[in-house]
Amino acid sequence: MESKEWSSGVWTHLTAVRRQSPLVQCITNFVSMDLVANTLLSAGASPAMVHSVAEVPDFTPHIHALFVNVGTLTPDWLPSMKAAAELAAQLGKPWVLDPAAVSCSGFRLKACLELVELKPSVIKGNGSEIIALSGSASQGQTKGADSSHESTEAIEAAKTRLATAASTAAVASASTGMTSTGMDLDLPVDPNEPTYCICNQVSYGEMIACDNNECKIEWFHFGCVGLKDQPKGKWYCPDCATVKKSRKGR
């Protein structure tokens, strides 16, 4: 039962994202930049890799959310991260902090603690990163971005020291998806947006129109009708193809 409720909740959130196509500013590391952009695109969001501090005053007020990952942190990028996070928090926009390898240097730890002070909506990290941010581990106790602690070892730090410091933060484990505190980040849904396809969902991704002018549905998502590429020539949805075939057999 819990599994069904969880999957239903995930689908509800994913549908909300696809309906709004939120603009997400990403100040992330070079290693994961492509992955972050493609993941957001596949979810229906609109990623923007805007890193320059000079663009923050003009661009950040228009975003729906902000993602900050310190994986390849440099002194040049830190001001952008702090400026965007501060402005997002002031405007009530959710923002996520990924304190990658936070304890590998004093510079990185200090930078992440300063970002935590800007009240992230979500802090996403592995066990060691959460423990380090809470002050329960000293700088230098690290395996880089890998965790030397189990996620369960970080629960207390997440619930007490870190959750208090971040005020509204939901502290999540990268390995288990466990959360200690949270806030509702539901996106607004337009009840008047039309739905399509056999799944009765809104438009997203690649879609195809049935060539039957009398088709009741008309537009379909590629994945829902088993397509990977645009077919050559005319294409009919499963229902219309069945009707067309039955008429030929008469």
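The model is predicted.

**Whole chain**

Start with everything shown as cartoon. The secondary structure comes to eight helices and eight strands. Color by burial next: of the 250 residues, 39% count as buried. Now consider contacts between residues at least 6 apart in sequence. Of these, 61% join residues at least 24 apart.

**Helix H4**

Select residues 78–90, which make up helix H4. H4 has 13 residues. From its first C-alpha to its last, H4 reaches 18 Å, close to the 18 Å expected at 1.5 Å a residue.

Show the side chains of H4. Which residues of H4 are buried? They are Leu78, Ser80, Met81, Ala84, Ala85, Leu87 and Ala88. Next, bring up what covers them. The cover includes strands E1 (23–27), E3 (65–69) and E4, along with helices H3 (56–59) and H5. Then step past the end of the helix. H4 is followed by Gly92, whose phi is positive, near 75°.

Lys82 is partly exposed, with a relative accessible area of 28%. Which residue forms a salt bridge with Lys82? It is Glu114, and the closest N and O atoms are 2.9 Å apart.

Why are Lys110 and Glu114 separated by about one helical turn? Because they are four residues apart in helix H5. Lys110 is exposed, with a relative accessible area of 52%. Show Lys82, Lys110 and Glu114 together: salt bridges that share partners join them into one network.

**From E4 to E5**

By the rule used here, the model has three salt bridges. For another of them, select Asp98 and Lys124. Asp98 forms a salt bridge with Lys124, the closest N and O atoms being 3.2 Å apart. The pair links distant parts of the chain, 26 residues apart. Asp98 sits in strand E4 (residues 95–98), and Lys124 in strand E5 (residues 122–125).

Asp98 is buried, with a relative accessible area of 7%. Lys124 is partly exposed, at 34%. Asp98 counts as buried because its value of 7% is under the 20% cut-off.

**Around Cys237**

Last stop: select Cys237. Where does Cys237 lie? It is in the loop between strand E8 (219–221) and helix H8 (238–248). Is Cys237 buried or exposed? Cys237 is buried, with a relative accessible area of 3%.

Now show its contacts, leaving out residues up to four places away in sequence. Cys237 touches Cys210, Cys215 and Phe220.

Note on methods: Residues numbered from 1 in each chain as written. Predicted model: local features only at pLDDT ≥ 70, side-chain atom pairs only at ≥ 80, totals over all residues. Heavy atoms only, no water. Helix = DSSP H or I, 4+ residues; strand = E, 2+ residues; numbered from the N terminus. Buried < 20%, exposed > 50% of the residue type's maximum accessible area, 1.4 Å probe, protein only. Contact = heavy atoms within 4.5 Å. Salt bridge = Lys/Arg side-chain N within 4 Å of Asp/Glu carboxyl O. Expected span 1.5 Å × (residues − 1).
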